[in-house]
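Q: I have a model open and want to learn how to read it. Can we work through its features together?

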Amino acid sequence: MLARATAATPWGIEARPVQVEVDVHNGLPQVQIVGLADVAVRESRERVRAAIKNCGFDLEPKSIIINLAPADLRKEGNHLDLAIALAMLAAYEQIPQEALDGRLISGELGLDGAVRSVRGGLAIADLGYRLGSREVLLPAPNAAEAAALEAVPVIGLRGLAEAVQHLIGADPLLPVPAPPFSGHGFGSVPDLAEVRGQETAKRALEVAAAGGHNLLFLGPPGSGKTMLARRLPGVLPPLTLAESIAVTKIHSLVAEEPPAGLLQQRPFRSPHTGTSTAGMIGGGSNPRPGEASLAHNGVLFLDELPEFRRDTLEALRQPLEEGTVSVVRARARLQFPARFSLLAAMNPCPCGHLGDPRYSCRCPPPLVERYRGRVSGPLLDRIDLHVEVPAVSLKELRSSAGESTETVARRVAAARSLQLDRFGLGTPTPNNAAMGPEQLRRFCAVDPAGRALLDRAFERLGLSARALDRVLKVARTIADLAGSDAIRAAHLAEAIQYRSLDRRVVG
Ligand SMILES: Nc1ncnc2c1ncn2[C@@H]1O[C@H](COP(=O)(O)OP(=O)(O)OP(=O)(O)O)[C@@H](O)[C@H]1O
Ligand SMILES: [Mg+2]
């Protein structure tokens with residue numbers, strides 16, 4: 001008899017449907033898998049056979065053909081085991097075909113019949129929703145992230161026997177409830193008030209957080225660059241539900257353990273300086289998202305920027321401009337979302353003291369040039385705010401605490417909520433930094449005085465056209481922080497000031 005079940009296989013950060021057809025007929029006892037399957041899928045045959053036997057089903061040996069369709073879609077990993085086992089049981093008439101109809105099934109099987117977790121549970125639930133499935137059957141550890149979508153009933157399974165009992169109605173399971181979501185989940189982040197002085201840098205951190213802009217800190221050792229960066233997660237605006245779903249889908253693909261629900265906090269990734277290009281932007285034979293995608297809707301922090309490999313930094317140019325990464329894989333091009341704010345920190349020279357009034361820098365000029373040359377002009381051009389973080393004075397160190405993380409976070413959240421109203425919930429433009437040319441025209445109009453200010457800056461600072469657009473977006477954020485509908489001259493002047501380091505940084 002022929003039986004069918006619908007399963008899912010990962011494809012980028014999404015999942016694609018796979019029709020599992022099992023045909024059982026009399027003949028030479030054997031099991032054959034046809035359809036483009038990788039090694040893990042082919043090994044499924046053995047796992048499924050053992051799992052079925054260990055769940056107490058005694059199936060007569062027959063000739064079994066397992067067909068995985070579409071044939072041209074490469075199936076990867078262990079996602080298909082459970083659907084293959086259930087379709088086989090239906091083909092042996094142990095469960096009715098109707099029990100499988102309209103259900104999306106994914107899970108790996110252990111030899112003892114246990115259902116083990118798979119990667120990308122949330123994407124599978126999303127596929128179930130798009131297919132109009134009446135139910136999605138997943139391993140119990142994946143059920144919480146999948147249920148968080150609240151779009152389709154999700155059943156969490158621990159074993160094959162449990163799945164059968166559920167499907168034949170002998171012991172039906174209830175859908176898993178959606179875990180709570182707040183979007184405010186930052187844990188114990190150190191407080192901004194601990195950083196003394198550095199008012200310009202703190203202000204820039206606030207502007208970058210509010211609009212999702214890229215920021216570079218430049219300064220001598222020990223001035224507080226890393227300290228400031230580590231306090232950014234507490235200031236970032238809360239995640240919206242749509243943003244969290246997008247972020248969780250990506251993280252669920254690489255996590256060792258499936259997430260316990262939606263991510264509650266914007267990602268803050270700080271990869272090591274030795275990170276390879278594949279590690280940074282994603283890749284591999286079964287492509288996985290890299291740091292740039294793991295930082296999607298959050299922050300990618302590159303401390304000691306010139307220490308990163310040049311090719312790794314250059315590879316960030318595409319996501320910084322387009323908000324996505326494309327990875328080529330076996331005749332197909334996969335897109336991973338990668339819309340992050342870049343936060344970078346560096347010293348002005350190898351010894352770190354160039355321009356520091358209290359130390360004299362001994363770096364020979366060619367060495368300084370080479371050090372700075374590791375960070376290319378095009379990369380710097382994509383950084384909206386360039387901020388000098390000078391050495392702190394003793395007086396500043398002894399000064400009383402400044403504004404707390406909570407106070408700054410409140411202003412940032414208010415400015416981000418203005419942006420959500422402007423662009424609409426669930427939009428692909430979640431913040432000012434992500435505005436396209438049409439939105440730039442609509443939302444960043446400046447009066448003639450402002451235009452004159454911009455023109456002067458363009459000439460004086462030798463800005464690129466891209467830099468000019470970015471100045472406008474930053475000015476939009478500064479106006480939002482001030483609660484102003486119009487972009488005024490003061491907002492533009494502040495945005496321009498964050499570009500004034502350009503020449504010295506580029507050298
Ligand atoms: N502005 C500051 N206020 C209070 N403490 C500070 C400040 N700047 C630095 N410190 C102290 O110095 C330590 C080192 O600072 P931090 O690591 O942020 O320096 P950095 O600018 O990143 O230096 P490097 O260029 O060497 O990486 C901090 O952990 C903190 O104890
Ligand atoms: Mg540092």
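A: We take the ligand site, then a helix, then the nonpolar cores. Keep in mind that this is a predicted model.

Q: Which residues come nearest to ligand 1?

A: Start with the shell. There are 16 residues around ligand 1, and R196, G222, K225, T226 and N347 come nearest. By class, the shell has six nonpolar, six polar and four charged residues. Helix α8 (residues 225-230) gives the most to it, with three residues.

Q: Which polar atoms lie by the nitrogen and oxygen atoms of ligand 1?

A: A polar backbone atom of R196 is 2.8 Å from a nitrogen atom of ligand 1. For S223, a polar backbone atom is 3.2 Å from a nitrogen atom of the ligand. N347 uses its side chain: a polar atom there lies 2.8 Å from a ligand oxygen. As for cover, the protein takes 67% of the 630 Å² of accessible area that ligand 1 has on its own.

Q: Which residues of helix α21 are buried?

A: An α-helix has 3.6 residues a turn, so residues three or four places apart point the same way. In α21 (residues 489-497), the buried residues are H491, L492, E494, A495 and I496. Their cover includes α7 (199-211), α19 (448-460) and α20 (465-481).

Q: How many residues has the largest nonpolar core?

A: In soluble globular proteins, nonpolar side chains tend to be buried together. Here the largest core has 51 residues, and L215, F217 and L385 have the most contacts inside it. Helix α20 gives the most to this core, with eight residues. A second, separate core has 48 residues, including V18, V41, I64 and A99.

Terms used: Residues numbered from 1 in each chain as written. Chains lettered and ligands numbered in written order. Predicted model: local features only at pLDDT ≥ 70, side-chain atom pairs only at ≥ 80, totals over all residues. Heavy atoms only, no water. Near = heavy atom within 4 Å. Polar contact = N/O pair within 3.5 Å; in protein donor to acceptor, adjacent residues only side chain to side chain. Areas by Shrake-Rupley, 256 points an atom, 1.4 Å probe, with all protein chains shown as cover. Helix = DSSP H or I, 4+ residues; strand = E, 2+ residues; numbered from the N terminus. Nonpolar A, V, L, I, M, F, W, Y, C, P; charged D, E, K, R; others polar. Buried < 20%, exposed > 50% of the residue type's maximum accessible area, 1.4 Å probe, protein only. Contact = heavy atoms within 4.5 Å. Core = buried A, V, L, I, M, F, W, Y, C linked by side-chain atoms within 4.5 Å.
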